[in-house]
Structures are given as C-alpha cells and as structure tokens.
Amino acid sequence: MAIRTYKDVADVPPSLRPSLPSSFDVVGDIAVIKIPEGLRSHRESIGRAILRWNPKIRVAVEDHGVKGERRVRQIGFIAGERRTTTVHVEHGLRYRVDLAAAYFSPRLASERRRIADLVHEGEVVADPFAGVGPYVILIAKRRRPRRVHASDANPIAVELLRSNVAANRAERVDVREGDARTVLREIGPVERVILDLPHSALPFLPDALAAIGTRGTIHLYRILEQAEEADTERQIRSVSRAAGFRVVDLRRHHVRAYSPTQHHTAFDVTVARGSRPSGPDRSQTGGHTSRTRASRASGRQSGRTARRSGARGRRTRR
Ligand SMILES: C[S@@+](CC[C@H](N)C(=O)[O-])C[C@H]1O[C@@H](n2cnc3c(N)ncnc32)[C@H](O)[C@@H]1O
C-alpha cells in the first residue's frame, strides 16, 4: 500500500510527531530537509522514512542553510547514498547540481519562468550571478535572445553551468567565470540584467546600469521586510538617476515568503538613458513618473504542489 506521507513511517516518539516538518525540497533524487532542534537526535529515522515514502529519492540530507558569498548550502547526510550531486529537471530542462558546492534552489522555478517570459526576441541578457544556469538556459531555450551572458564567481558553479549549457544544447550562451563587476564591465551593452544575489544585490546596481545600452530592464532581488520595500525603491531611483538614467517603470513582485516577516522580493526596473533635469526625487514627493506595482503572494505557490510520484524537486507537502 502506498505510504501517504513520510510522517506515517517516521520512527519518532509520539510527543514529537507534531514537530515533524510538513514539507521539504526535493532536488533531483535528493531530499533536503530542515530539521527542528527538538528532532535532531531522530534525524536518521526521518531520513529513512523519506526514502521509504518515495523510493525515487535516494539521498536524504539535512539543510543547515546557505552561507557565505557563494551562497553554498551547508549539508549533513542523514540517510541513503552519501552524495550531493544529482540531476534536477526544471521546466523540462536538465541541470547537474552539487548541493554542497554551488547554489541551487528548486523553489525559484516559477520566478525563473516569469523572467524568461519577459525576454523579447533579439535581446542581449546578462546573468552575472548565474549559478548552475537555471535562468540563462531557460531563456536561451525558450526565448530567442541574441546573446545571453552567464557568469559566476564560484568555479564549481561555472563548471556545472558549462556542462548544463552543453547538455541542454543551449545556443548563444557565453559562459565565463568572474566577479560580477568585472564581467558587467566587459560585456555591455545589454538590454536585461538579472541581479540574483538577494542578500547583497543593491551595490551591484551601478555596474548593471553601466552595462545597459540606451534602454533596458534590471531584475534586482532582495530579502526584505515589507516596510523596507518602499525605501529600496527610493534607492533604486536615486542610484539610477545618479547614473544618468530615467526610471521608466518600476515594479515589485513577491517571489516567496522568506521568513514570517520577510519576503524574497523582485524589483523589475526599466530604465532609459538621459535623466530628466536634476532636482528632488519626484518619487519621494509624490510626483511619480513611473508606475510601481506590488503583486503579492504568488511565491507561496511556487514550490508547494503536492506530488508523490517523481522526485522532481520543489518544496512539497509530504
Ligand atoms: C543566490 S545564487 C543565484 C544562482 C542562480 N541565479 C540560481 O537561480 O540558481 C548567487 C550566485 O552568485 C554568485 N556570486 C556571489 N557573489 C558574486 C560576485 N561578486 N560575482 C559573481 N558571482 C557572485 C554565487 O557564487 C552564487 O552562485
């Protein structure tokens, strides 16, 4: 008989059962679970229960969060094979990943789709924080860009990125290893820049603007309290103006809930060269020349579809 949830077969004391996580990520055939402190001594039982619940999952690891500039996940093995490499399928494309060596999260699949859908035919796109390539390969395969520049500072991410570009036969993708600032200086002009470094993307905005030709769009990601979002918009407008750009459009999109009070938030900023006459920031004085929209709550859906079959990734109720 099929096991309805891993909780049914997890060997933990009854008093602790209510603390069992209701969801976890699956990347390829690896389950990645955050285990509450009170259950840590039972982590192996939890891992074994996950493998029993879904035999397509071959590895269960404990997630200690992503750390450092390279945003690499800290992992502990709890059951199954001892490996952190796998192949993850997203939007029909295959990605080699190494969870302990280069950033990858299946929770951003909907956001990658949203961005790819915005790319126009003939665009030059830059993704200087490309990781193993889930934005750039989707854009190259599903849209018709003129060129996609994909780079990352982590050499292991770049090695996986190169291999993923080749395995998916993605064309017109230029891959390089390097710091975002250096790469952005080398590749311009571009029409779209993806700044996917949510904890520290804002300092890279001047570099992204410098890479834009006469007009373009920057997708800037941040982790923010809702009360901080308006201030980030003000900073975006101010940095853009200082770089000689007019903000033509500025939209805000909640990618997903990050913590009880914070969101992973995307700012889609369309700019055109040629600032208006200098003066106070009109966005701060009520004279908006660009639209600002907030779309909410879409992120919560992005990785929680219950699906027992297929170890296909996404955060799933289990
Ligand atoms: C949050 S991850 C995003 C990865 C990718 N966009 C994705 O969706 O999987 C941020 C990436 O930026 C890279 N990174 C961090 N600082 C960097 C820098 N200064 N220059 C280039 N890459 C950097 C990290 O190595 C990491 O792969």
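Mentor: Start with a definition: helices and strands here are DSSP runs, numbered from the N terminus. By that count, Arg169 sits in the loop between helix H4 (155–167) and E9. Keep in mind that this is a predicted model.

Trainee: What is phi of Arg169 near?

Mentor: Near 50°. That is a positive value in a residue other than glycine.

Trainee: Is Arg169 buried or exposed?

Mentor: Exposed, because Arg169 has 9 other C-beta atoms within 10 Å, and 12 or fewer counts as exposed.

Trainee: And what about phi of Arg71?

Mentor: Phi of Arg71 is positive too, about 55°, and Arg71 is not a glycine. Look for Arg71 in the loop between strand E3 (59–67) and strand E4 (72–80).

Trainee: Why does Arg71 count as buried?

Mentor: Because Arg71 has 20 C-beta neighbours inside 10 Å. The cut-off for buried is 20 or more.

Trainee: Let's zoom out. How many helices and strands in the protein chain?

Mentor: Eight helices and 15 strands. The chain has 318 residues, and 42% of them count as buried. Take the contacts between residues at least 6 apart in sequence: 65% join residues at least 24 apart.

Trainee: Now the ligand. Which residues come nearest?

Mentor: Phe129, Gly131, Ala153, Asn154 and Ala180, out of 21 residues around the ligand.

Trainee: How does the shell divide into nonpolar, polar and charged?

Mentor: 13 nonpolar, two polar and six charged. Domain 1 (6–83) and domain 2 (106–305) each supply at least three residues of that shell.

Trainee: Ala180 is on your list. Which helix is Ala180 in?

Mentor: Helix H5, residues 180–187. Ala180 is buried there, as are Val183 and Leu184. These residues cover an arc of only 100° around the axis, so they lie on the same side of H5.

Trainee: What do the buried residues of H5 pack against?

Mentor: Strand E7 (124–127), strand E8 (147–152), strand E9 (173–177) and helix H6 (205–211).

Trainee: Which residues are buried in H2?

Mentor: Glu111, Arg112, Ile115 and Ala116, in a helix that covers residues 109–118. Their arc is only 135° around the axis, which puts them on the same side of H2. In general, an α-helix has 3.6 residues a turn, so residues three or four places apart point the same way.

Trainee: And the packing partners of H2?

Mentor: The buried residues of H2 pack against helix H3 (134–142), strand E10 (190–195), strand E11 (212–225), E12 and E13.

Trainee: How do E12 and E13 run?

Mentor: Antiparallel, with 11 bridges joining E12 (residues 245–257) to E13 (residues 262–273). The link is a hairpin through four residues.

Trainee: Last one. Where does Ala100 lie?

Mentor: In the loop between strand E6 (93–98) and H2. Ala100 counts as partly exposed, because it has 16 C-beta neighbours inside 10 Å.

Trainee: What is Ala100 in contact with?

Mentor: Val72, Arg73, Ile75 and Thr84, leaving aside neighbours within four places in sequence. Arg83 is 17 residues from Ala100 in sequence, and 9.1 Å away in space, C-alpha to C-alpha.

Note on methods. Residues numbered from 1 in each chain as written. Predicted model: local features only at pLDDT ≥ 70, side-chain atom pairs only at ≥ 80, totals over all residues. Helix = DSSP H or I, 4+ residues; strand = E, 2+ residues; numbered from the N terminus. Contact = placed C-beta atoms within 7 Å. Near = placed C-beta within 6 Å. Nonpolar A, V, L, I, M, F, W, Y, C, P; charged D, E, K, R; others polar. Domains from an automatic or database assignment. Pairing = 2+ DSSP bridges. Arc of directions from axis to C-beta.
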